[in-house]
Protein chains: 2
Amino acid sequence: MLDYNQQDKWPNGFGELQSPIKIDTSKLSAKRGQLNYHVLEDYRLKQEIDDGTTIRLTGSGSAEIFGRNFEFQQAHFHSPSEHVINGRRCPLEIHMVHKNVIGQLCVVALLVEHGETPNAPFQKIIDNYEKGETEPVDLNIKDWAPWYPVGFHYLGSLTTPPLTEGVEWLLVSNPDFTVSDDQVEWFRKHFGKDDRKLQPLNGRSIEFYK
Amino acid sequence: MLDYNQQDKWPNGFGELQSPIKIDTSKLSAKRGQLNYHVLEDYRLKQEIDDGTTIRLTGSGSAEIFGRNFEFQQAHFHSPSEHVINGRRCPLEIHMVHKNVIGQLCVVALLVEHGETPNAPFQKIIDNYEKGETEPVDLNIKDWAPWYPVGFHYLGSLTTPPLTEGVEWLLVSNPDFTVSDDQVEWFRKHFGKDDRKLQPLNGRSIEFYK
């Protein structure tokens, strides 16, 4: 029985709902429809930050996500993708981090496939990094998420410390963004692989929109 | 720098966004309006469970809460109230626990004041307990939350183990529910005080609707 006089000894069960995860679509029932994600104010990328394991860019903009307003805060890159869909990793995963007024976190993750030509805005970010620019990149990225985003919706955590839980994930499997082999190679040369290990699902439900 | 080859050593920062908390309204700017909480399907209480520190009742019903649909899961009681508003505790706090399709948890907490007469549905729950009834109480509690709920909205945790974070709290300060001194005395005699210690706010924002 729970002892209210021994509260310091209560077990702490954190760490059971972590990200990233692998998803097997054959185990999910797909819904027809899009992820409930609507950009309200165009996203702009501002300051480019080298944090040692990735490039992070501060941002501004806002979106309505499953009925609530969120502020876009920052974007950063993981290579290869952290989330694994049907056993496959993408070469790149872009995390667009959002926060709302009570502090709920929502990451819109773009699962980026190979493309033949270099992605222009990503190249601008690379060139800016190479030049050691300290001026803001000031990049409008309203086209990165598609007009009809599909993919997955689930509850997990940040994938870097403090690994906070209660983070809502929208995994967008059809972004208007591809990346060339040269660009992936550049990223890996500078940052290595920055994908966190897969975490157990522990019974969580995943919504699948397609 | 984050070492992706030493992921097991990453610091784990859980435990910073816990519940209950104390709220000082003089530090908040109030919004005119109600908490975004709308019952869709009447709540019914079913099986009554003595869990040693409180009475818990399984339930059914559904609500729209800040733009998402939630299923009502269970209700239980804390005495005195766990949340403290302007230095004051209420004699009773009722937790109505909800879950949505991706597993987000939302607790609608009724901050219950003293009343002269015994509360009829709470008395039915007490009488059922005293009789050791194993039949469901089958109580419709659509009237417990007011038609225009006001109070507080913030992000915290469960107040009993596993103390899971990412729990959304709606603290309703004007429930259609009061409790008599005799009823509180009965509850304390059977369960003692079951309020978790106050937890640090750690910079969280609280929405205040009135």
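A volume is the space filled by probe spheres set on the points, and grid points are joined across faces, edges and corners.

**Ground rules.** I am reading a predicted model, in which local features need pLDDT of at least 70, side-chain atom pairs count only at pLDDT 80 or more, and totals for chains, interfaces and linings use all residues. Residues are numbered from 1 along each chain as its sequence is written, chains are lettered from A and ligands numbered from 1 in the order in which they are written, and side-chain values use heavy atoms, with hydrogens and water left out.

**The largest pocket.** I looked up its volume and found about 780 Å³ of space. I then listed its lining, meaning residues with an atom within 4 Å of a point. There are 41 lining residues, and the closest to the centre are B:Val97, B:Leu105, B:Leu158, B:Pro162 and B:Thr164. Both chains contribute elements with two or more residues: β9 (151–157) and β10 (165–172) from chain A, and β4 (68–78), β6 (92–99), β7 (105–114) and β10 (165–172) from chain B. Which element gives the largest share? I found β4(B), with 4 residues. Helices here are DSSP runs of H or I of at least four residues, and strands are runs of E of at least two, numbered from the N terminus.

**The annotated span.** I checked the record for chain A. An unreviewed UniProt entry lists residues 1–210 as "domain: Alpha-carbonic anhydrase". Such annotations may be inferred rather than shown by experiment. The end C-alpha atoms of this span lie 46 Å apart, and the span is 11% helix and 38% strand.

**Helix α1 of chain A.** I tested its length. The expected span is 1.5 Å times one less than the number of residues. For the 12 residues 120–131 that gives 16 Å, and the end C-alpha atoms are 16 Å apart, so the two agree. Next I sorted its residues by burial (buried is under 20% relative accessible area, exposed over 50%, partly exposed in between, with a 1.4 Å probe and protein chains only). A:Phe122, A:Ile125, A:Ile126 and A:Asn128 are buried. They cover an arc of only 160 degrees around the axis, so they sit on the same side of α1(A). I noted that the arc uses the directions from the helix axis to the C-beta atoms. The face turned away carries exposed A:Ala120 and A:Lys131. At the N-terminal end, A:Asn119 is the cap, with a side-chain oxygen 2.9 Å from the backbone nitrogen of A:Phe122. After the helix comes A:Gly132, with a positive phi near 65 degrees.

**A:Arg68.** I found this residue in strand β4 (residues 68–78) of chain A. Is it buried or exposed? A:Arg68 is buried, at 6% relative accessible area. I then looked for polar contacts (pairs of N or O atoms within 3.5 Å; within protein, one able to donate a hydrogen and the other to accept it; residues adjacent in sequence count only if both atoms are side-chain atoms). Its side chain contacts those of A:Gln104 at 3.3 Å and A:Glu168 at 3.0 Å.

**The β9–β10 loop of chain A.** I saw that A:Pro162 lies here. A cis peptide bond joins A:Pro161 to A:Pro162, with omega about 10 degrees. A:Leu163 is in this loop too. Its phi is positive, near 55 degrees, and A:Leu163 is buried at 5% relative accessibility.

Conventions:
1 Å grid on protein atoms, 1.4 Å probe; cavity = no way out; pocket = protein on both sides within 12 Å on 5 of 7 lines; lining within 4 Å.
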